[in-house]
Amino acid sequence: MPESGRDKVGMLVGTLAALAIMVGATLAFWHFSRGFLNAANCLGESKREVVGVTNPGAVDASLLGRTVYLSGELRVAQGAEDRELGVKAEVVCLVRRVQYYQWVEEEVRKKPSEAPRYDYHRRWVSRPVDSGKFKTGDFSHRNTVKAKLDAMPSRIPAREVYLGAYRLGDVFKCSLRGDEELRPELVPGGLAGKMSAAGNRFYLGANPQRPEIGDVQVDFFGVAAGPVSLVGVLGEGGVVVPVPDCSVVGRMIWRGEVPPERILGEMAFWHWLLLWGLRLGLFIVYGLACLLLSKVWGWQGRGFGLAAALAVAVIMAAAFL
(Lines give C-alpha, C1' and ligand atoms only; values in the text may rest on other atoms or scores of the structure.)
Protein backbone atom coordinates (compact mmCIF):
# COMPACT_ATOMS: atom_id res chain seq x y z
CA MET A 1 0.00 0.00 0.00
CA PRO A 2 1.24 3.52 -0.65
CA GLU A 3 2.48 5.47 2.34
CA SER A 4 0.18 8.07 3.82
CA GLY A 5 0.81 11.56 2.49
CA ARG A 6 2.25 10.36 -0.84
CA ASP A 7 1.68 12.78 -3.67
CA LYS A 8 -1.50 11.44 -5.25
CA VAL A 9 -0.99 13.51 -8.41
CA GLY A 10 2.48 12.03 -8.88
CA MET A 11 1.13 8.53 -8.35
CA LEU A 12 -1.64 9.12 -10.87
CA VAL A 13 0.78 10.49 -13.46
CA GLY A 14 3.22 7.62 -12.95
CA THR A 15 0.46 5.02 -13.19
CA LEU A 16 -0.96 6.55 -16.35
CA ALA A 17 2.53 6.75 -17.87
CA ALA A 18 3.18 3.05 -17.18
CA LEU A 19 -0.20 2.07 -18.65
CA ALA A 20 0.40 4.29 -21.68
CA ILE A 21 3.75 2.58 -22.26
CA MET A 22 2.07 -0.83 -22.15
CA VAL A 23 -0.75 0.19 -24.50
CA GLY A 24 1.64 1.90 -26.92
CA ALA A 25 3.97 -1.09 -26.99
CA THR A 26 1.03 -3.44 -27.55
CA LEU A 27 -0.32 -1.41 -30.48
CA ALA A 28 3.14 -1.11 -32.05
CA PHE A 29 3.70 -4.85 -31.64
CA TRP A 30 0.32 -5.65 -33.18
CA HIS A 31 0.98 -3.34 -36.15
CA PHE A 32 4.43 -4.67 -37.05
CA SER A 33 4.02 -8.31 -36.05
CA ARG A 34 0.90 -8.73 -38.20
CA GLY A 35 2.95 -8.08 -41.35
CA PHE A 36 5.77 -10.42 -40.33
CA LEU A 37 3.36 -13.18 -39.29
CA ASN A 38 1.31 -12.94 -42.50
CA ALA A 39 4.50 -12.98 -44.58
CA ALA A 40 5.85 -16.02 -42.73
CA ASN A 41 2.58 -17.92 -43.26
CA CYS A 42 2.52 -16.85 -46.91
CA LEU A 43 6.07 -18.13 -47.41
CA GLY A 44 5.09 -21.48 -45.90
CA GLU A 45 2.17 -21.80 -48.33
CA SER A 46 4.38 -20.77 -51.27
CA LYS A 47 6.94 -23.40 -50.33
CA ARG A 48 4.26 -26.07 -50.56
CA GLU A 49 2.67 -24.76 -53.77
CA VAL A 50 5.65 -23.60 -55.85
CA VAL A 51 5.93 -25.15 -59.31
CA GLY A 52 9.28 -25.44 -61.07
CA VAL A 53 9.35 -24.30 -64.71
CA THR A 54 11.36 -26.88 -66.63
CA ASN A 55 11.28 -25.03 -69.98
CA PRO A 56 11.70 -21.25 -69.52
CA GLY A 57 11.90 -20.82 -73.30
CA ALA A 58 8.10 -20.92 -73.62
CA VAL A 59 5.47 -19.43 -71.29
CA ASP A 60 3.24 -22.11 -69.78
CA ALA A 61 -0.24 -20.52 -69.75
CA SER A 62 -1.54 -23.23 -67.39
CA LEU A 63 0.59 -21.68 -64.61
CA LEU A 64 -1.16 -18.30 -64.76
CA GLY A 65 -1.67 -17.06 -61.19
CA ARG A 66 0.49 -19.85 -59.73
CA THR A 67 3.69 -19.51 -57.71
CA VAL A 68 6.55 -20.52 -60.00
CA TYR A 69 10.29 -21.12 -59.72
CA LEU A 70 12.56 -20.02 -62.56
CA SER A 71 16.30 -20.41 -63.03
CA GLY A 72 18.37 -19.31 -66.00
CA GLU A 73 20.16 -16.45 -67.78
CA LEU A 74 18.70 -12.95 -67.78
CA ARG A 75 18.46 -11.04 -71.06
CA VAL A 76 18.06 -7.25 -71.27
CA ALA A 77 15.77 -6.45 -74.23
CA GLN A 78 15.36 -2.73 -73.42
CA GLY A 79 17.72 -1.11 -70.95
CA ALA A 80 17.20 1.48 -68.22
CA GLU A 81 17.05 5.23 -68.91
CA ASP A 82 17.43 8.17 -66.54
CA ARG A 83 15.26 10.72 -68.34
CA GLU A 84 16.03 13.46 -65.81
CA LEU A 85 19.78 13.39 -66.49
CA GLY A 86 19.64 12.00 -69.99
CA VAL A 87 21.63 8.76 -69.74
CA LYS A 88 20.87 5.14 -70.52
CA ALA A 89 22.51 1.74 -70.13
CA GLU A 90 21.85 -1.86 -71.12
CA VAL A 91 21.58 -3.11 -67.55
CA VAL A 92 18.90 -4.79 -65.46
CA CYS A 93 18.82 -1.80 -63.10
CA LEU A 94 20.49 1.62 -63.34
CA VAL A 95 21.57 2.98 -59.95
CA ARG A 96 22.46 6.61 -59.35
CA ARG A 97 23.81 8.35 -56.26
CA VAL A 98 23.34 12.12 -56.21
CA GLN A 99 25.30 14.38 -53.84
CA TYR A 100 25.16 18.14 -53.25
CA TYR A 101 27.93 20.34 -51.87
CA GLN A 102 26.26 22.26 -49.04
CA TRP A 103 26.75 24.16 -45.82
CA VAL A 104 25.79 21.94 -42.87
CA GLU A 105 24.96 23.23 -39.41
CA GLU A 106 26.35 21.47 -36.34
CA GLU A 107 25.30 22.19 -32.77
CA VAL A 108 28.19 22.35 -30.29
CA ARG A 109 27.54 22.14 -26.55
CA LYS A 110 30.31 21.31 -24.06
CA LYS A 111 27.90 20.87 -21.14
CA PRO A 112 24.15 20.20 -21.14
CA SER A 113 23.62 23.31 -19.04
CA GLU A 114 25.47 25.61 -21.46
CA ALA A 115 23.81 27.52 -24.29
CA PRO A 116 24.65 25.89 -27.63
CA ARG A 117 26.77 27.45 -30.33
CA TYR A 118 26.68 26.53 -33.98
CA ASP A 119 29.48 25.63 -36.36
CA TYR A 120 29.15 25.43 -40.14
CA HIS A 121 30.99 23.05 -42.44
CA ARG A 122 30.93 22.40 -46.19
CA ARG A 123 30.12 18.77 -47.00
CA TRP A 124 28.77 16.47 -49.68
CA VAL A 125 25.23 15.43 -48.66
CA SER A 126 22.54 13.29 -50.26
CA ARG A 127 19.90 16.05 -50.41
CA PRO A 128 19.88 19.87 -50.46
CA VAL A 129 20.06 21.59 -47.05
CA ASP A 130 17.65 24.47 -46.35
CA SER A 131 19.96 27.18 -45.00
CA GLY A 132 16.91 29.31 -44.14
CA LYS A 133 16.46 27.04 -41.09
CA PHE A 134 19.96 27.68 -39.73
CA LYS A 135 19.83 29.00 -36.18
CA THR A 136 22.22 31.95 -36.66
CA GLY A 137 20.72 33.37 -39.85
CA ASP A 138 24.22 34.13 -41.16
CA PHE A 139 23.93 34.97 -44.87
CA SER A 140 27.54 33.87 -45.45
CA HIS A 141 26.29 30.27 -45.09
CA ARG A 142 23.54 30.39 -47.69
CA ASN A 143 23.00 27.22 -49.72
CA THR A 144 22.18 27.00 -53.42
CA VAL A 145 22.05 24.10 -55.87
CA LYS A 146 22.94 24.14 -59.55
CA ALA A 147 20.38 21.41 -60.21
CA LYS A 148 17.96 19.60 -57.91
CA LEU A 149 17.70 16.01 -59.10
CA ASP A 150 14.74 14.32 -57.45
CA ALA A 151 12.32 13.49 -60.26
CA MET A 152 13.69 9.97 -60.77
CA PRO A 153 14.20 7.23 -58.15
CA SER A 154 17.71 6.20 -57.13
CA ARG A 155 17.21 2.75 -58.71
CA ILE A 156 15.75 2.74 -62.21
CA PRO A 157 14.63 -0.62 -63.67
CA ALA A 158 15.20 -1.60 -67.28
CA ARG A 159 12.12 -1.44 -69.44
CA GLU A 160 12.23 -5.09 -70.48
CA VAL A 161 14.20 -7.97 -68.96
CA TYR A 162 13.56 -11.63 -69.77
CA LEU A 163 14.43 -15.01 -68.32
CA GLY A 164 13.74 -17.20 -71.30
CA ALA A 165 10.27 -16.19 -72.47
CA TYR A 166 9.24 -14.90 -69.03
CA ARG A 167 9.40 -11.14 -68.40
CA LEU A 168 10.55 -9.82 -65.02
CA GLY A 169 8.48 -7.34 -63.03
CA ASP A 170 10.20 -4.08 -62.00
CA VAL A 171 10.53 -5.07 -58.33
CA PHE A 172 12.65 -8.08 -59.28
CA LYS A 173 14.96 -6.00 -61.49
CA CYS A 174 16.10 -3.58 -58.81
CA SER A 175 16.13 -6.02 -55.89
CA LEU A 176 18.83 -8.06 -57.63
CA ARG A 177 22.23 -7.54 -56.01
CA GLY A 178 25.53 -6.77 -57.71
CA ASP A 179 25.88 -2.99 -58.22
CA GLU A 180 28.97 -2.23 -60.31
CA GLU A 181 30.47 1.08 -61.39
CA LEU A 182 29.08 2.09 -64.77
CA ARG A 183 29.69 4.79 -67.40
CA PRO A 184 26.23 5.18 -68.99
CA GLU A 185 25.59 6.28 -72.54
CA LEU A 186 24.49 9.90 -73.03
CA VAL A 187 21.09 10.75 -74.50
CA PRO A 188 21.20 13.89 -76.71
CA GLY A 189 19.87 17.00 -74.98
CA GLY A 190 20.17 15.64 -71.46
CA LEU A 191 21.65 17.43 -68.47
CA ALA A 192 24.46 14.88 -68.20
CA GLY A 193 25.81 16.13 -71.54
CA LYS A 194 26.52 19.50 -69.87
CA MET A 195 28.40 17.91 -66.96
CA SER A 196 32.06 16.94 -66.81
CA ALA A 197 32.61 13.18 -66.62
CA ALA A 198 35.33 11.02 -65.13
CA GLY A 199 34.75 7.29 -64.89
CA ASN A 200 31.26 6.67 -63.52
CA ARG A 201 30.97 10.19 -62.05
CA PHE A 202 29.28 13.19 -63.67
CA TYR A 203 30.00 16.60 -62.17
CA LEU A 204 28.06 19.86 -62.41
CA GLY A 205 30.36 22.67 -61.35
CA ALA A 206 33.47 24.60 -62.34
CA ASN A 207 36.14 22.32 -60.86
CA PRO A 208 35.65 18.88 -59.25
CA GLN A 209 38.95 19.32 -57.37
CA ARG A 210 37.74 22.57 -55.76
CA PRO A 211 33.98 22.18 -55.20
CA GLU A 212 31.79 25.20 -54.52
CA ILE A 213 28.48 25.48 -52.71
CA GLY A 214 25.75 24.30 -55.06
CA ASP A 215 27.90 21.86 -57.05
CA VAL A 216 26.33 18.48 -57.84
CA GLN A 217 27.96 15.12 -58.48
CA VAL A 218 26.28 11.93 -59.66
CA ASP A 219 27.80 8.45 -59.50
CA PHE A 220 26.29 5.71 -61.65
CA PHE A 221 26.22 1.98 -61.03
CA GLY A 222 24.56 -0.85 -62.91
CA VAL A 223 23.15 -4.28 -62.11
CA ALA A 224 24.32 -6.56 -64.90
CA ALA A 225 22.45 -9.52 -66.34
CA GLY A 226 23.57 -13.07 -65.61
CA PRO A 227 22.30 -16.39 -64.25
CA VAL A 228 19.62 -16.02 -61.56
CA SER A 229 16.99 -17.98 -59.68
CA LEU A 230 13.68 -16.59 -58.50
CA VAL A 231 10.29 -17.40 -57.03
CA GLY A 232 7.28 -15.34 -58.11
CA VAL A 233 3.72 -15.34 -59.38
CA LEU A 234 3.04 -15.63 -63.11
CA GLY A 235 0.77 -12.85 -64.36
CA GLU A 236 -0.77 -11.87 -67.68
CA GLY A 237 1.61 -11.55 -70.61
CA GLY A 238 4.18 -13.85 -69.06
CA VAL A 239 5.21 -11.26 -66.43
CA VAL A 240 6.60 -12.70 -63.20
CA VAL A 241 6.11 -10.57 -60.06
CA PRO A 242 6.95 -11.15 -56.36
CA VAL A 243 4.49 -13.24 -54.38
CA PRO A 244 2.00 -10.80 -52.75
CA ASP A 245 2.16 -10.47 -48.93
CA CYS A 246 5.26 -12.69 -48.74
CA SER A 247 8.07 -10.18 -48.63
CA VAL A 248 8.45 -7.77 -45.71
CA VAL A 249 12.22 -8.44 -45.64
CA GLY A 250 14.54 -10.52 -47.80
CA ARG A 251 14.53 -11.12 -51.53
CA MET A 252 13.02 -13.64 -53.93
CA ILE A 253 15.65 -13.34 -56.67
CA TRP A 254 19.21 -14.63 -56.23
CA ARG A 255 22.35 -14.74 -58.33
CA GLY A 256 23.21 -18.19 -59.70
CA GLU A 257 21.34 -21.46 -59.42
CA VAL A 258 19.59 -21.56 -56.05
CA PRO A 259 16.78 -24.05 -55.23
CA PRO A 260 13.36 -22.64 -54.27
CA GLU A 261 13.54 -24.28 -50.84
CA ARG A 262 16.55 -22.15 -49.95
CA ILE A 263 15.06 -18.91 -51.31
CA LEU A 264 11.79 -19.31 -49.42
CA GLY A 265 13.38 -20.93 -46.37
CA GLU A 266 15.83 -18.08 -45.77
CA MET A 267 13.10 -15.46 -46.16
CA ALA A 268 10.89 -17.37 -43.70
CA PHE A 269 13.79 -17.56 -41.23
CA TRP A 270 14.32 -13.78 -41.23
CA HIS A 271 10.60 -13.09 -40.83
CA TRP A 272 10.30 -15.41 -37.83
CA LEU A 273 13.52 -14.03 -36.33
CA LEU A 274 12.20 -10.46 -36.52
CA LEU A 275 8.85 -11.56 -35.13
CA TRP A 276 10.51 -13.11 -32.08
CA GLY A 277 12.63 -9.98 -31.72
CA LEU A 278 9.43 -7.95 -31.50
CA ARG A 279 8.06 -10.33 -28.86
CA LEU A 280 11.23 -9.99 -26.81
CA GLY A 281 11.02 -6.20 -27.12
CA LEU A 282 7.41 -6.28 -25.92
CA PHE A 283 8.42 -8.42 -22.93
CA ILE A 284 11.16 -5.93 -21.97
CA VAL A 285 8.85 -2.91 -22.31
CA TYR A 286 6.19 -4.57 -20.14
CA GLY A 287 8.84 -5.35 -17.55
CA LEU A 288 10.05 -1.73 -17.44
CA ALA A 289 6.48 -0.48 -17.17
CA CYS A 290 5.86 -2.82 -14.23
CA LEU A 291 9.02 -1.62 -12.51
CA LEU A 292 7.77 1.95 -12.93
CA LEU A 293 4.47 0.98 -11.32
CA SER A 294 6.26 -0.71 -8.44
CA LYS A 295 8.31 2.43 -7.82
CA VAL A 296 5.27 4.71 -7.98
CA TRP A 297 3.31 2.57 -5.52
CA GLY A 298 6.26 1.89 -3.22
CA TRP A 299 6.46 -1.84 -3.79
CA GLN A 300 10.12 -2.12 -4.73
CA GLY A 301 11.32 -1.97 -1.14
CA ARG A 302 9.30 -5.07 -0.25
CA GLY A 303 10.68 -7.18 -3.11
CA PHE A 304 7.45 -7.04 -5.09
CA GLY A 305 8.80 -4.86 -7.92
CA LEU A 306 10.84 -7.36 -9.88
CA ALA A 307 8.44 -10.25 -9.22
CA ALA A 308 5.46 -8.20 -10.39
CA ALA A 309 7.35 -6.97 -13.43
CA LEU A 310 8.29 -10.49 -14.52
CA ALA A 311 4.88 -11.98 -13.75
CA VAL A 312 2.85 -9.36 -15.59
CA ALA A 313 5.32 -9.24 -18.48
CA VAL A 314 5.17 -13.01 -18.94
CA ILE A 315 1.38 -13.15 -18.73
CA MET A 316 0.77 -10.25 -21.11
CA ALA A 317 3.50 -11.15 -23.59
CA ALA A 318 2.33 -14.78 -23.65
CA ALA A 319 -1.00 -13.60 -25.04
CA PHE A 320 0.80 -12.66 -28.27
CA LEU A 321 2.99 -15.74 -28.73
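In this predicted model, Asp179 and Arg155 form a salt bridge, with 3.0 Å between the closest N and O atoms. Asp179 belongs to strand 10 (residues 179-181) and Arg155 to strand 7, so that this pair links distant parts of the chain, 24 residues apart. Asp179 is partly exposed, at 38% relative accessibility, and Arg155 is also partly exposed, at 27%.

Lys135 counts as exposed because its relative accessibility of 55% is over the 50% cut-off. Glu105 is partly exposed, with a relative accessible area of 22%.

A salt bridge also connects the side chains of Glu106 and Arg123 (3.6 Å, N to O). Glu106 is in strand 5 and Arg123 in strand 6, and this pair links distant parts of the chain, 17 residues apart. Relative accessible area is 33% for Glu106, which is partly exposed, and 39% for Arg123, which is partly exposed as well.

The surface also carries a nonpolar patch of about 370 Å², made by Leu280, Ile284, Leu288 and Leu291. Of these residues, Leu291 is found in helix 3 (residues 260-296). Leu291 is partly exposed, at 36% relative accessibility.

Conventions: Residues numbered from 1 in each chain as written. Predicted model: local features only at pLDDT ≥ 70, side-chain atom pairs only at ≥ 80, totals over all residues. Heavy atoms only, no water. Patch = residues over 30% accessible without salt bridge, like charges linked within 9 Å, V, L, I, M, F, W, Y side chains within 5 Å. Areas by Shrake-Rupley, 256 points an atom, 1.4 Å probe, with all protein chains shown as cover. Salt bridge = Lys/Arg side-chain N within 4 Å of Asp/Glu carboxyl O. Helix = DSSP H or I, 4+ residues; strand = E, 2+ residues; numbered from the N terminus. Buried < 20%, exposed > 50% of the residue type's maximum accessible area, 1.4 Å probe, protein only.
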